[in-house]
Amino acid sequence: MKWGREHGRRSAVLQHRTVWQGSALLLHRPDERIAARLASVEEMLGHLDSGFAMALGRATAGLRNLDTRTAVGGHALTFGPGKNCSLLLTHWMADDNRDRVVHRQPFVDAYRAAGAPPPAGAMPDHLAVVLEFAANVDPEAGRQLLVDHRVEIAALQRALSAVGSPYAHAVAAVCATLPDVDARAIRSVKGSGSNAETVGSQHVHLDHPPK
């Protein structure tokens, strides 16, 4: 069952953009601004239908009581090198770095077509970067990137759920904005999920719901 229908079909796009923005803020590597970002997401909950609000609310609650040092350590343990959860979508698509470069090109092309330069200091396929792009720059092109990589996103959500991570709820909210994925497709994902890349604060700066 898809969420985002309580306010009517006309608001579905805005609901999705708000979810993408909130999830981007939650998936960002924690730093001294984590409390402000969590507060921003909490403000967004009132703009969302119950399913989306519950998912993002659970993710926020899971991070709310952590001090910055603990939050940073938890993020590294979840998404750091050698882990089975990766925020780089191409890591779920290929094990070879040369192949990943090829898979990243559609992200770069989409950003350039929208007049947005590829992000400096972060990989273009980093999920938080893609979500920010979809929420604030080009919702149509951004949604297409998310749809095209929905299997990888679903695989990430499954991996996060398996380790009991609060980030799983944020990714589940993103999955609910996309077409359904067959369980067999998720099981077919071969990417290792190893991730050494993070996203800097300059790339996630959306503090208010999209308008």
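Student: In this predicted model, is the crossing of helix 8 and helix 9 left-handed or right-handed?
Tutor: Helix 8 covers residues 150-162, and in this predicted model its axis comes within 8 Å of the axis of helix 9, the two crossing at roughly 155°. That angle makes helix 8 roughly antiparallel to helix 9, since angles over 145 degrees count as roughly antiparallel. As for the hand of the crossing between helix 8 and helix 9, it is left-handed.

Student: How many nonpolar, polar and charged residues does the contact of helix 8 with helix 9 have?
Tutor: From helix 8 the contact is made by I153, A154, L156, Q157, L160 and S161, while helix 9 brings Y167, A168, V171, A172, V174 and C175. Sorted by class, the residues of the contact of helix 8 with helix 9 divide into ten nonpolar, two polar and no charged.

Student: How is helix 3 oriented relative to helix 9, roughly parallel or roughly antiparallel?
Tutor: Helix 3 spans residues 50-64 and helix 9 spans residues 167-175, and the two pack with their axes 7 Å apart at an angle of about 160°. Angles over 145 degrees count as roughly antiparallel, and the crossing of helix 3 and helix 9 is left-handed. The orientation of helix 3 and helix 9 to each other is therefore roughly antiparallel.

Student: Which residues of helix 9 make the contact with helix 3, and what classes does that contact have?
Tutor: By class, the contact of helix 3 with helix 9 has eight nonpolar residues, one polar residue and one charged residue. On the side of helix 3, the residues that make the contact are F52, A55, L56, R58, A59 and L63, and on the side of helix 9 they are Y167, H169, A170 and A173.

Student: What is the angle at which helix 1 and helix 9 pack?
Tutor: Helix 1 and helix 9 have their axes 9 Å apart, and they pack at an angle of about 155°. That makes helix 1 roughly antiparallel to helix 9, and helix 1 passes helix 9 in a left-handed crossing. The contact is made by V19, W20, S23, L26 and L27 of helix 1 together with Y167, A170, V171, A173 and V174 of helix 9, and by class it has nine nonpolar, one polar and no charged residues.

Student: How many of the nine residues of helix 9 are buried?
Tutor: The buried residues of helix 9 are Y167, A168, A170, V171, A173, V174 and C175, and what covers them includes helix 1, helix 3, helix 4, helix 6 and helix 8. Helix 9 is largely enclosed by the rest of the structure, because the number of its nine residues that are buried is seven.

Student: Where is T60 found, and which residue has its backbone oxygen 2.8 Å from a polar atom of the T60 side chain?
Tutor: T60 is found in helix 3, and with a relative accessible area of 1% T60 is buried. Leaving aside neighbours within four places in sequence, T60 is in contact with L26, L38, V41 and E42. The backbone oxygen lying 2.8 Å from a polar atom of the side chain of T60 belongs to L56.

Student: Is T18 buried or exposed?
Tutor: T18 lies in helix 1, which covers residues 12-27, and a polar atom of the T18 side chain lies 2.9 Å from the backbone oxygen of L14. Buried means under 20% relative accessible area, so at 2% relative accessibility T18 counts as buried.

Student: What distance separates the C-alpha atoms of W92 and I153?
Tutor: W92 lies in the loop between helix 4 and helix 5, and with a relative accessible area of 7% W92 is buried. A polar atom of the side chain of W92 lies 2.9 Å from the backbone oxygen of S86. Although W92 and I153 are 61 residues apart along the chain, their C-alpha atoms are separated by 8.7 Å.

Student: How many helices and strands does the protein chain have?
Tutor: Buried residues make up 50% of the 211 residues in the protein chain. Read along the sequence, the chain follows the pattern α-α-α-α-α-α-α-α-α-α. The protein chain therefore has, by DSSP runs, ten helices and zero strands.

Terms used
Residues are numbered from 1 along each chain as its sequence is written. This is a predicted model: local features need pLDDT of at least 70, side-chain atom pairs count only at pLDDT 80 or more; totals for chains, interfaces and linings use all residues. Side-chain values use heavy atoms; hydrogens and water are left out. Helices (H or I, at least four residues) and strands (E, at least two) are DSSP runs, numbered from the N terminus. Buried means under 20% relative accessible area, exposed over 50%, partly exposed in between (1.4 Å probe, protein chains only). A polar contact is a pair of N or O atoms within 3.5 Å; within protein, one must be able to donate a hydrogen and the other to accept it, and residues adjacent in sequence count only if both atoms are side-chain atoms. Axes are lines fitted to C-alpha atoms, for helices over the stretch in contact, and angles run from 0 to 180 degrees between N-to-C directions. Angles under 35 degrees count as roughly parallel, over 145 as roughly antiparallel, 65 to 115 as roughly perpendicular and the rest as oblique. A crossing is left-handed if the near helix is turned anticlockwise from the far one by less than a right angle, and right-handed if clockwise. Contact means heavy atoms within 4.5 Å. Ala, Val, Leu, Ile, Met, Phe, Trp, Tyr, Cys and Pro count as nonpolar, Asp, Glu, Lys and Arg as charged, and the others, Gly among them, as polar.
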